[in-house]
Amino acid sequence: GMNEIIHEVLHKYWGYSQFRPMQEEIITSLLDGHDTLGLMPTGGGKSLTFQVPTLSREGICLVITPLVALMKDQVESLRANGIAAAALNSNASEAENHDIAERAYRGEYKLLYVSPEKLLSEIQHGIFSNSHGTAPTGSLKVSMFAIDEAHCISQWGQDFRPSYLKIPDFVEQLPVRPVVSAFTATATAEV
């Protein structure tokens, strides 16, 4: 069953024989189709909680993360493990980003990392929209949406990123609404 599949995926790509505390609960919740908020310590292995379910089913996971440097590290370590991943970011040229988008639409990636600001600019006038005729053909089959550092959505935190507030609009306009997972290590009670 699904339980076997997620253990196979964990072993195949990461070489682990078991999950850490909380990982399996989050993964199971996501695979059951529930939007899930994971509150996990830094270094608690939260990335696996969206990477494993993504690799256990069809479609791509869009990962929203605020730090470009972190994005690069994640993509490199995924690739090192034989997982097709890429990042759209402002450091790359428009041509490079367009190429990555084309590949994403062709289903070549399992995970696509993007900053919330980049997601926003792409929705408004870029690869996720058809308004300029530049969007690749086909549609992005998003199976899951992972929002990292989700506390940035709050106006009470010093890390507030206004672009986080636009994420729900994007999620709602996808042809099939994906399951959403959000993660943070630090959040005040109010946030």
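**Cysteines, cores and pockets of the predicted model**

Cys-61 has a relative accessibility of 0% and therefore counts as buried. The structure described here is a predicted model, and it contains 0 disulfides. Cys-61 accordingly takes part in none; the nearest cysteine sulfur belongs to Cys-152 and lies 17 Å away. Because a disulfide requires the two sulfur atoms to be within 2.5 Å, the separation of 17 Å between the sulfur of Cys-152 and that of Cys-61 is too far for a bond. Cys-152 is likewise buried, since its relative accessible area is 4%.

Nonpolar side chains tend to be buried together in soluble globular proteins. In this model, the largest nonpolar core comprises 29 residues, and the members that touch the most others are Trp-14, Phe-50, Val-52, Leu-111 and Tyr-113. Helix 1 (residues 2-14) provides the largest share of this core, namely 5 residues. A second, separate core of 25 residues includes Cys-152, together with Leu-140, Ile-147 and Tyr-164. For Trp-14, the contacts beyond its neighbours within four places in sequence are Val-9, Leu-48, Gln-51, Val-52, Leu-55, Leu-78, Asn-81 and Ile-83.

His-151 is placed in the loop that runs between strand 5 (142-147) and helix 7 (167-173). Its relative accessibility is 12%, below the 20% limit, so His-151 counts as buried. When neighbours within four places in sequence are set aside, His-151 is in contact with Asp-159, Thr-184, Thr-186 and Val-191.

At least two lining residues are supplied by each of helix 3 (46-55) and helix 4 (68-80). By residue class, the lining of the largest pocket divides into 8 nonpolar, 11 polar and 4 charged residues.

The second largest pocket holds about 260 Å³ of space. Its lining is formed by Val-68, Lys-72, Val-75, Glu-76, Arg-79, Ala-86, Ala-87, Asn-89, Asn-91, Ala-92, Glu-96 and Ile-100. Helix 4, strand 3 (85-88) and helix 5 (94-105) each contribute at least two residues to this lining, and helix 4 accounts for the largest share, with 5 residues. The lining of the second largest pocket is made up of 6 nonpolar, 2 polar and 4 charged residues.

Definitions and conventions: Residues are numbered from 1 along each chain as its sequence is written. This is a predicted model: local features need pLDDT of at least 70, side-chain atom pairs count only at pLDDT 80 or more; totals for chains, interfaces and linings use all residues. Side-chain values use heavy atoms; hydrogens and water are left out. Helices (H or I, at least four residues) and strands (E, at least two) are DSSP runs, numbered from the N terminus. Buried means under 20% relative accessible area, exposed over 50%, partly exposed in between (1.4 Å probe, protein chains only). Contact means heavy atoms within 4.5 Å. A nonpolar core is a set of buried Ala, Val, Leu, Ile, Met, Phe, Trp, Tyr and Cys residues joined through side-chain atoms within 4.5 Å. Ala, Val, Leu, Ile, Met, Phe, Trp, Tyr, Cys and Pro count as nonpolar, Asp, Glu, Lys and Arg as charged, and the others, Gly among them, as polar. On a 1 Å grid over the protein atoms alone, a cavity is a set of points where a 1.4 Å probe fits but cannot get out, and a pocket is an open set with protein on both sides within 12 Å along at least five of seven lines; lining residues have an atom within 4 Å of a point. Grid points are joined across faces, edges and corners, and a volume is the space filled by probe spheres set on the points.
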